[in-house]
Amino acid sequence: RMGSKKKKAQKNAAFKKTKLKVGKVLKKTNTTDSTVESRKVVLLTQLEEQSGSSTAVYSYRGLSLDNLCSQLGHYSKSVRKNAIVGAKQILTSAPNLIEAHLRTIIPAFARLISMTDTDAATHAQLKSLLELVCTVPPMSMSPHFPLFVAHILRGLTHSHESVRSFALTVIHLLLDTYPSLCRDNTDIFQTILHFINSNRKTSHSTRVLLDFVTSFLKIYDSDSAVVSYCVEVRLNTEDGTLSKRIDMCPATKHMDPFHFPVLTTSAAGASSSLFTSPETLLSLTQALSPLVARVAMENDRNLSEHLVRLLSLMKRGVERQPNKFMLVDFDERYAKACDPLLKAAKIPSMKDNKKVLAAIATLLQ
Amino acid sequence: NTIAFRVTTNRHLFKMSVVPIPQASGKINKFAMTERHLGFLQEMVRKNPESYKEEFLDQYEHFMQTIKLLHLQPVQHRMDVQPLLDSITFLSGVVVFFKEEAKAFGDQMLTVLREQSTGLDPHVRMAFCKALIPLRNKNFIEPLTLLELFFELVKLEDKHLRKFILSSISSHLKVICVQKKNLKLAGKIQNFCFAKLKDSRSIVVRCSQLILIDAFRKKYFRDTKTANAISEGCFHKIPKIQVAAIKFFIGSKSDEDGEEELSDDDENGGEEEGKTLKEVMNAFRYAKKTKKRERDLEKAKKTINKKKKAKKESRGKECNLLAVQSLYDPQEFGDRLFKMLESTKVEKFEVRLFRLALLARIIGIHRLQTLQFYSIPLVPSRYVQRYLQPKQRDVTRILLYAAQACHELVPPDTIENLVKCIAYNFVTDRNSPEAITVGINAIREIFNNCPFAANEDLLRDLSQYKTYKNKNVSMAARAIITLFRQVNPKLLHKKDRGRLTAEQTEGEDREYLDFGVPAVREFVPGAECLPEEREENGEMEVDDDEEEEKSDDDGWVDVHHAEDVSDEEGEEEVEVEDEEDEDEDEEGEWETDDDAAGDEEEEGDDDDEDEEEEEGEDEEESEDEEEGEVGEKNDKKATQSKKQKKRLSKSEMKAQIATVPKEKAVKVSEGRILTQEEFKKINQFQIKKALVSQKKIAREIVGTRKRTLDDDRLDEEYEEKRQRRVEGDGLPRLRDIEHFHKKMRRATKEERMESIMEGREGREEYGKRKKNGPHVGKTNRENAKKKVFNMVKNKIRGKNRQRSFRDQQCSLKNYLMKQAGRKPGN
């Protein structure tokens, strides 16, 4: 009987009158059930790559450059290392790719500089990879340069010593390959000066450090720092003829297309000619002289050559300084900055090393 | 420990150490330690900021480089995020020790957040914001610039950030307004928020609205300016903002429903009363953990949380009323709301309902004249009536709003139409009993507010439902009768009118005599309970609470004392005839001060009672006559009181009691300015008086008809309601309208099962064994084997001894058989 009752109730369920309650919200009966059921589609095979037709380049392991770039961000050390090797192999086999893919390459590669868990072998691989990247002409590098430099400088201030050392080698590389670009970058000057000034240690030998400082000074020393594109032309106002044709091409030919003096800040402009500003010169001397003094005191014959080169560079900077008059107490401050050098020269053991002494003496004059 | 003996060193020496040279071992250790553990370094810097400046500067420099990188490339690789977060937490914890760096640090973060806000990783963004807070607290950053930045960041679609920003602003306000009392800055922030309320971006408006509402609730900005600024939100184009503003004024739903959270809490958490959550947790932590204690802890936690919530809610309650009361121009505000309600714009019903609720509340509280609101039932498109059908969704709420919007100053004809409409639509036999109940209840609430809208015909129709077979309906009808017995008995049928109370005969309790005719009084009713002259103490003008209380107490003690004396005299029958007479006279006619009065009355003279009964029966008797009587009595009283004064010259207090109440009330209320405490006292006195008179009437009715429990209940409810009208906003609540005396319906089996299942949730299942644990899967015998022998030895011994003689025989036999190499048998 119970069963039949239930059945009856079920049968009449559709016609049952819903009971109204005053002030309560009724459940809607005429709503549409909008839930969607779906089935999975399982692909048994991927679409076959049509070999030959595509121009894409793959590494030995069949990975494209984009794949490798994303693998460079992998948390596993070995995967990263393999990716570095793969990327190097691709880029050596197809050097034209570098220029085209700088936009993706630079952030992916430069990020690795400040990875803390990289071992020496990987560092070497990475260095050769970055050297490969630095074969790109300065013109095409220039838009990506600030980002690249920012990564390196970040590495230079890193708390890990290995990272710092590696960053130093990379920035050395940049100083050598792109002197003009480096010259225009204020950050480089400031940070490197700060770096020399601070007590940060690196695993490099003194020689490497001196080399680095020398090449750092060199970029500001080059004569091409001030290139004038002045053309003298005489305009005859009576018959409206020019004495000479003006050709604007040479002016723009060697220039960085992204470099407009109007757009860059005045700070960047000022630093581009380091030796024209007395303040920068002073701070540079202040930073360098303790270092030079210390190296000189070590009295290493092998280093004397480097020291002499460095000192001559410094001297040239002082000689060429045209704006000394802008600072009243320039001479005083300069002498103060050179004080450690003077002290070093007075040490008796220095007497053997005559070349260096002579260089110091000329500088102090 | 190696680090502890670091001394500030010569900078010059440090410059020398660019290239690694072997150094003192302490130094190298320090580098190795602090290089990786920023937290450790942070601790060290905190202890001695000066000597660890170099380490700090290194970290700081690195961070600055990172910021430069962030400007060029805001999106960081996910692996770089964590180190950055670490360095931010380190710097933010430490940077406050170094002034110059702190400023630059803050500025750098501000610029990055401003320029690269969208690109940054959400975690980094949050970390920046969190790091900025201590800088602001130490005044390295202008609070207003940070506030501005926060309002910029709010535009980002980042829920967590928004939440953080809102909470941080709120806590900042707390510091400013409560701890530091920096009103100038608070005012600036307030004005800033006001300006942001007019922003074109809706999310900005919403945020500043939320901040203001929160600040108002928490008393940081509790002023009319804020309330009015929030009120503008009711007309914002975004519905969500409208609703938030409206809800702010309406308050919580439970308040509207008339639920009381506190009462049931008190029952549940009786033992946990007064304990804080921390105490309970601590008690649990240090006690042995048992299941029962765990359960108790859960329960205690729940009740404490509930209490907290209730407290919060109740705090909200008072501020809603305050907010509504502090509107600058309620009439204009109401009109604007009404215009929005009337507009044909399609919007959600809930929003409309909210608006309706707010409008009703404002009309009710401010006594506005928005007559279209009640509107005519004949025009179907008109307002409230359009919704007044039993099948309408949320109709009880709409009825409630209709009742809330009714107040004494609405013309009776307007209300009459409304009531008629409700009566037609709800109170007819063809409707369900529920609908009828709701309808009658709503009408009762309306009449409670405007009694002059009632007419005799309708009222008699309604009161006929008192014999309806459904109890809910009949009780609702009887509640209306109870109401009108107090308010205007003449409209009721003769047999429904009941007896007049003393107050009614005096016309004392009425606020209005007719529509728009307020009852003017010459004195504060009930003022006779106060002593005629305030006890003079020199510092009366200064509100010295203690003094006040003292004098109050004295007053009370005096009264009681006087009465006690008279009581004793009555009971012990120390019969000084005149005195007794006087006492009884007094009580019979004037329903005096205390419950004791009621008690004495039973003993009172027959004459007096007769007189009263006569009064009750002759209801047509004009009040003039009564007043005449009163006058006579007054005279008599006066002479008697003189006598009494002479007789009881021992104490002046007794003399005070004896003076004629009305005269005394006039004298008291004319003679001085009453204080708040005195008004409180008067209120209590009035309540007592009413109670006494009611009791008396109830007692009298016993003779005629049996007084049921329901009668008591109705009276109590009426009294409660009257109390409520005096106390808060005086508006009816949903509970009044959805008031069913009997449960509407039994739950079906499914519903019961559902609730049972709900209760079972989270409970351990019966019958299933535990799968793991120290003793799982072992019998007690096995467990006993692992116990220390001393623990079980007695048990084993006992067991051995219990062996019966036969068992011992059997085992011996088996043993011998085994020894003999044969199988043991039974």
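The model is predicted. Over all chains, the structure holds 24 salt bridges.

**Salt bridges between separate parts of chain B**

- The side chains of B:Glu232 and B:Arg336 form a salt bridge, with an N to O distance of 3.5 Å.
- This pair links distant parts of the chain, 104 residues apart. B:Glu232 sits in helix 12 (residues 224-232), and B:Arg336 sits in helix 18 (residues 330-342).
- B:Glu232 is partly exposed, at 43% relative accessible area. B:Arg336 is also partly exposed, at 30%.
- B:Glu350 and B:Arg393 meet through their side chains in a salt bridge of 2.7 Å, N to O.
- B:Glu350 belongs to helix 19 (residues 349-366) of chain B, while B:Arg393 lies in the loop between helix 20 (383-387) and helix 21 (395-404), so the bridge ties together parts 43 residues apart in sequence.
- B:Glu350 counts as partly exposed, with 36% relative accessibility. B:Arg393 is partly exposed at 31%.
- B:Glu347, B:Arg352 and B:Arg355 are joined into one network by salt bridges that share partners.

**A salt bridge within one helix**

- B:Glu298 and B:Lys301 form a salt bridge, and their closest N and O atoms are 3.8 Å apart.
- Both residues lie in helix 17 (residues 291-325) of chain B. They are three residues apart, so about one helical turn separates them.
- B:Glu298 is partly exposed at 45% relative accessibility. B:Lys301 is partly exposed at 25%.

**Negative patch on the surface**

- B:Glu750, B:Glu754, B:Glu758 and B:Glu761 gather in a patch of negative charge on the surface.
- One of these residues, B:Glu750, is part of helix 37 (residues 749-760) of chain B.
- B:Glu750 has 60% relative accessibility. It counts as exposed because that value is over the 50% cut-off.

**Residues in chain A**

- A:His172 is placed in helix 8 (residues 161-177) of chain A.
- A:His172 has a relative accessible area of 16%. It is therefore buried, the cut-off being under 20%.
- Leaving aside residues up to four places away in sequence, A:His172 touches A:Val208, A:Asp211, A:Phe212 and A:Ser215.
- A:Thr362 is found in helix 18 (residues 354-364) of chain A.
- A:Thr362 is partly exposed, with 31% relative accessible area.
- A:Thr362 and A:Leu311 are 51 residues apart along the chain, and 8.9 Å separates their C-alpha atoms.

**A loop residue in chain B**

- B:Tyr468 occupies the loop between helix 24 (456-463) and helix 25 (471-487) of chain B.
- The relative accessible area of B:Tyr468 is 23%, and the residue is partly exposed.
- B:Tyr468 touches B:Asp429, B:Ile436, B:Val473 and B:Ser474, with residues up to four places away in sequence not counted.
- The C-alpha atoms of B:Tyr468 and B:Pro433 are separated by 9.4 Å. Along the chain, these two residues are 35 residues apart.

Key. Residues are numbered from 1 along each chain as its sequence is written. Chains are lettered from A and ligands numbered from 1 in the order in which they are written. This is a predicted model: local features need pLDDT of at least 70, side-chain atom pairs count only at pLDDT 80 or more; totals for chains, interfaces and linings use all residues. Side-chain values use heavy atoms; hydrogens and water are left out. Patches are made of residues with over 30% relative accessible area and no salt bridge: like charges are joined within 9 Å, nonpolar side chains (Val, Leu, Ile, Met, Phe, Trp, Tyr) within 5 Å. Accessible areas come from the Shrake-Rupley method with a 1.4 Å probe; for residues, only the protein chains shown count as cover. A salt bridge is a side-chain nitrogen of Lys or Arg within 4 Å of a carboxyl oxygen of Asp or Glu. Lys and Arg count as positive and Asp and Glu as negative; His and the chain ends are not counted. The place of a charge is taken as NZ of Lys, CZ of Arg, CG of Asp or CD of Glu. Helices (H or I, at least four residues) and strands (E, at least two) are DSSP runs, numbered from the N terminus. Buried means under 20% relative accessible area, exposed over 50%, partly exposed in between (1.4 Å probe, protein chains only). Contact means heavy atoms within 4.5 Å.
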